[in-house]
Amino acid sequence: GQNYKIHWKQGVDFTSINFARSYLWEDDDWALLKFNHTETREKFQVVQNGVNIDGTVEKFEVPKSTDSFGSFFLDRTENEEATYFLVNGKGDAGNSLQFKGHQCWGDHCNPDPNDDVEMEDFLRYWDKDESWRIDPEDTTDLSKVPKDGDSVWIRPTWRMMLKGKTAKLKTVIIEGHLTFSADERTELHANTVSLERGKMQVGSSEHYVRASALIKLYGDFETKHYVFNPAVPSCNKCLILASEATFHGIPNEKTMVKLVQNAAVGDKEIKVQSLLNSFWKKDDWIAISPSSPAEAEYERVQLSEDATTSDEGVTTLKFEPALKYAHIGETHTIGSYTVD
């Protein structure tokens with residue numbers, strides 16, 4: 001009897017594996033194969049010659065006398081989800097079996113995109129463990145907030161609210177509703193984000209995003225491609241929008257403003273014409289154009305706190321790093337000309 005771990009480093013788990021058992025196996029020979037889940041598998045099946053075999057058994061460390069070739073069990077723990085498959089010399093299943101792993105199982109897996117789905121009447125919150133249970137009140141479900149390296153499925157009936165920053169995920173598949181909080185900075189980090197049906201909403205026409213929303217995609221030359229559809233070329237670092245996505249930021253009433261006060265080398269704040277306090281927020285980036293003919297003397301800095309506006313209508317912007325060049329904000333008269 002031996003235990004073997006078959007680890008999936010990256011990409012999608014198997015959808016089907018064929019096992020060919022040698023005729024030399026004796027009844028008391030056995031090996032237990034452990035498959036970790038890098039992608040969710042809702043159901044497993046054992047198939048022989050096109051016929052399904054019910055191989056599900058209770059969890060064990062050493063197989064019982066009744067456990068035969070093709071027996072398997074699913075083990076969900078706090079830190080891991082894995083499936084164990086038994087190969088031994090017992091059973092009349094023959095020497096060849098097919099083990100299938102279904103990422104989705106049931107009528108909900110291939111819904112008509114035109115069909116209406118009855119959404120849940122409550123919000124799930126990304127940062128709450130119970131939000132990742134099929135039934136949030138089922139305490140026996142050990143689902144947790146997704147962590148680095150996990151893949152995520154927003155189910156068709158779910159209404160998920162994202163606040164704050166996610167872990168660095170692998171694949172995010174959205175079939176329900178995913179809403180980014182409009183009132184605080186939100187960040188979705190993943191290799192691939194695929195909106196296959198449902199809705200992704202960042203703010204609304206009545207409630208603009210007043211902070212910021214970021215979707216950051218990861219991947220490099222060695223990263224395996226994600227195939228969305230055989231008819232669509234595979235891609236790396238993909239944001240796939242095959243359904244409704246809406247993005248509502250504060251209207252850009254002013255994209256350029258004037259300095260109202262000179263800024264010196266080493267300064268970490270500038271004074272500009274009045275802006276809405278909510279227009280520029282901490283961590284936003286701004287560009288400062290040069291005040292000389294030298295085009296290279298532009299600067300790009302990041303706000304260290306939210307913009308503030310005085311009663312006199314002057315907006316203060318504080319930032320990092322300090323200025324490398326001087327910038328003129330006062331009006332000068334040269335002869336009969338006014339230089340602003």
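**Charge patch and aromatic pairs**

Mentor: On the surface, Glu26, Asp27, Asp28 and Asp29 gather in a patch of negative charge. This is a predicted model, in which local features need pLDDT of at least 70, side-chain atom pairs count only at pLDDT 80 or more, and totals for chains, interfaces and linings use all residues. Residues are numbered from 1 along each chain as its sequence is written, and side-chain values use heavy atoms, with hydrogens and water left out.

Trainee: Why is the aromatic pair of phenylalanine 35 and phenylalanine 99 called tilted?

Mentor: Rings of Phe, Tyr and Trp (its six-membered ring) pair if their centres lie within 6.5 Å, and planes under 30 degrees apart count as stacked, over 60 as edge-to-face and the rest as tilted. The rings of phenylalanine 35 and phenylalanine 99 are 6.4 Å apart, centre to centre, with 40° between the planes, so the pair is tilted.

Trainee: How do you know that phenylalanine 35 is buried?

Mentor: Buried means under 20% relative accessible area (exposed is over 50%, partly exposed in between; 1.4 Å probe, protein chains only). Phenylalanine 35 has a relative accessible area of 2%, and therefore counts as buried, as does phenylalanine 99 at 0%.

Trainee: Why is the pair of phenylalanine 85 and phenylalanine 99 tilted?

Mentor: Its ring centres are 4.6 Å apart and its planes at 45°, so the pair is tilted.

How values were computed:
Patches are made of residues with over 30% relative accessible area and no salt bridge: like charges are joined within 9 Å, nonpolar side chains (Val, Leu, Ile, Met, Phe, Trp, Tyr) within 5 Å. Accessible areas come from the Shrake-Rupley method with a 1.4 Å probe; for residues, only the protein chains shown count as cover. A salt bridge is a side-chain nitrogen of Lys or Arg within 4 Å of a carboxyl oxygen of Asp or Glu. Lys and Arg count as positive and Asp and Glu as negative; His and the chain ends are not counted. The place of a charge is taken as NZ of Lys, CZ of Arg, CG of Asp or CD of Glu.
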